[in-house]
Amino acid sequence: MSTAPKFVIGNWKMQAQHERGLTLAGDVTKALEDTPPPSHIRTVICPPYTQLSGVNHILRKHDLPTERISLGAQDCYPAPSGPFTGDISAKMLTELGARYVILGHSERRQNHGETDAVIRQKVKAATAAGLIPIVCIGEHLAERNEGRAASVLAGQIEGSLTRGFRGIVAYEPVWAIGSGITPSHEELQRKLSLIRALLPMRLMTDDIRVPVLYGGSVTSVQTPSLLSIDGVDGVLVGSASLEAQSFLDIIRAATEVPSSSPS
Ligand code: PEP
């Protein structure tokens with residue numbers, strides 16, 4: 001019987017300088033090669049664009065299958081090519097070895113005014129180029145406190161996913177990102193059930209099981225309890241992915257959670 005994959009995805013954002021990023025990727029890969037986690041653990045490293053090629057080279061230099069440790073990017077442009085100064089197409093990312101791309105992160109929604117419609121275009125472009133999109137959704141603190149989280153999540157799922165979506169969804173409450181606060185077990189369970197109920201409506205099928213991850217102030221301490229919540233298929237990690245030891249601790253913590261077979 002096969003085991004459902006568990007994802008541990010590190011988003012470095014704009015934070016590791018070149019040499020430090022390469023060292024970090026090397027340290028993580030070497031440790032995973034020395035003591036490989038079980039095969040259902042999928043590790044993905046998402047460095048800044050400028051480090052994609054170098055990090056890919058390091059990941060592939062080691063003797064780990066691509067699906068066990070993969071490269072991801074942090075964004076892409078919707079168009080395949082053209083006069084778009086400063087932008088990077090999905091195809092360009094695949095040429096550098098990326099298999100995944102994070103789309104619609106709250107920092108891009110906030111700092112770059114990305115709408116659900118733009119994110120949906122990016123999902124289409126990424127999928128057409130053969131990338132697996134990791135689409136971030138999540139409510140702001142005021143929306144949560146005003147009881148609007150459910151409608152925000154429903155709008156983001158409807159607006160930013162394509163009908164034939166084949167990717168990953170990361171639930172990242174904006175108030176949990178970088179704050180050191182994580183939702184209670186009960187709250188996360190409620191939100192996950194809601195997301196799980198909304199996905200088939202958007203995809204118009206019950207047949208596809210979209211992996212849903214949690215992101216927001218994840219450390220190795222909460223990883224086992226986060227991953228024990230029904231419907232959580234992995235974690236998206238920001239700050240704690242910037243140190244090899246803390247990222248490896250999260251990967252190891254994920255391996256300790258009893259694995260389930262895919263439903
Ligand atoms: C993020 O920004 O996707 C994230 C999860 O960050 P952190 O882990 O630092 O809260």
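C76 is buried in this predicted model, with a relative accessibility of 1%; buried means under 20% relative accessible area, exposed over 50%, and partly exposed in between, with a 1.4 Å probe and protein chains only. Because the model is predicted, local features need pLDDT of at least 70 and side-chain atom pairs count only at pLDDT 80 or more, whereas totals for chains, interfaces and linings use all residues. Residues are numbered from 1 along each chain as its sequence is written, and side-chain values use heavy atoms, with hydrogens and water left out.

A search of the whole structure for disulfides, defined as pairs of cysteine sulfur atoms within 2.5 Å, returned zero. C76 accordingly belongs to no disulfide, and the cysteine sulfur nearest to it, that of C46, lies 12 Å away. C136 is likewise in no disulfide; for C136 the nearest cysteine sulfur is that of C46, at 9.4 Å. C136 counts as buried, at 1% relative accessibility. In general, a disulfide is a covalent bond between the sulfur atoms of two cysteines.

Secondary structure elements are DSSP runs numbered from the N terminus, with helices being H or I runs of at least four residues and strands being E runs of at least two. In helix α2 (residues 52-61), the buried residues are L52, V55, N56, I58 and L59. Viewed down the axis of α2, these buried residues fall within an arc of 160 degrees, so they line one face of the helix; the arc is that of the directions from the helix axis to the C-beta atoms. H57 and K61 are exposed on the other side of α2. The buried residues of α2 are covered by elements that include α1 (18-34), β2 (41-46), β3 (69-73) and α3 (90-95), where contact means heavy atoms within 4.5 Å. As a general point, an α-helix has 3.6 residues a turn, so residues three or four places apart point the same way.

Helix α5 (residues 116-128) packs with helix α7 (residues 149-160) at an angle of about 45 degrees, and their axes are 7 Å apart. Axes are lines fitted to C-alpha atoms, for helices over the stretch in contact, and angles run from 0 to 180 degrees between N-to-C directions. The two helices α5 and α7 are therefore oblique to each other; angles under 35 degrees count as roughly parallel, over 145 as roughly antiparallel, 65 to 115 as roughly perpendicular and the rest as oblique. On the α5 side, D116, A117, I119, R120 and V123 take part, and they meet G155, Q156, E158, G159 and S160 in α7. By class, the contact of α5 with α7 has three nonpolar, four polar and three charged residues. In this classification Ala, Val, Leu, Ile, Met, Phe, Trp, Tyr, Cys and Pro are nonpolar, Asp, Glu, Lys and Arg are charged, and the others, Gly among them, are polar.

A128 also lies in helix α5 and is exposed, at 72% relative accessibility. The C-alpha atoms of A128 and L198 are separated by 24 Å, and these residues are 70 residues apart along the chain. T162 is in the loop between α7 and β6 and is buried, with a relative accessible area of 12%. Not counting residues up to four places away in sequence, T162 touches R120, V123, K124, R202 and L203.

Two residues other than glycine have positive phi values. K13, in the loop between β1 (6-11) and α1, has a phi of about 55 degrees and is buried, with a relative accessible area of 16%. M204, in the loop between α8 and β7 (212-215), has a phi near 60 degrees and is exposed, at 58% relative accessibility. Most residues other than glycine have a negative phi.

Further loop positions were examined. S179 is in the loop between β6 (168-171) and α8 (185-203) and is partly exposed, with a relative accessible area of 35%. The C-alpha atoms of S179 and G216, 37 residues apart along the chain, are separated by 7.8 Å. A79 is in the loop between β3 and α3 and touches F84 and S89, not counting residues up to four places away in sequence. The C-alpha atoms of A79 and Q121, 42 residues apart along the chain, are separated by 8.3 Å.
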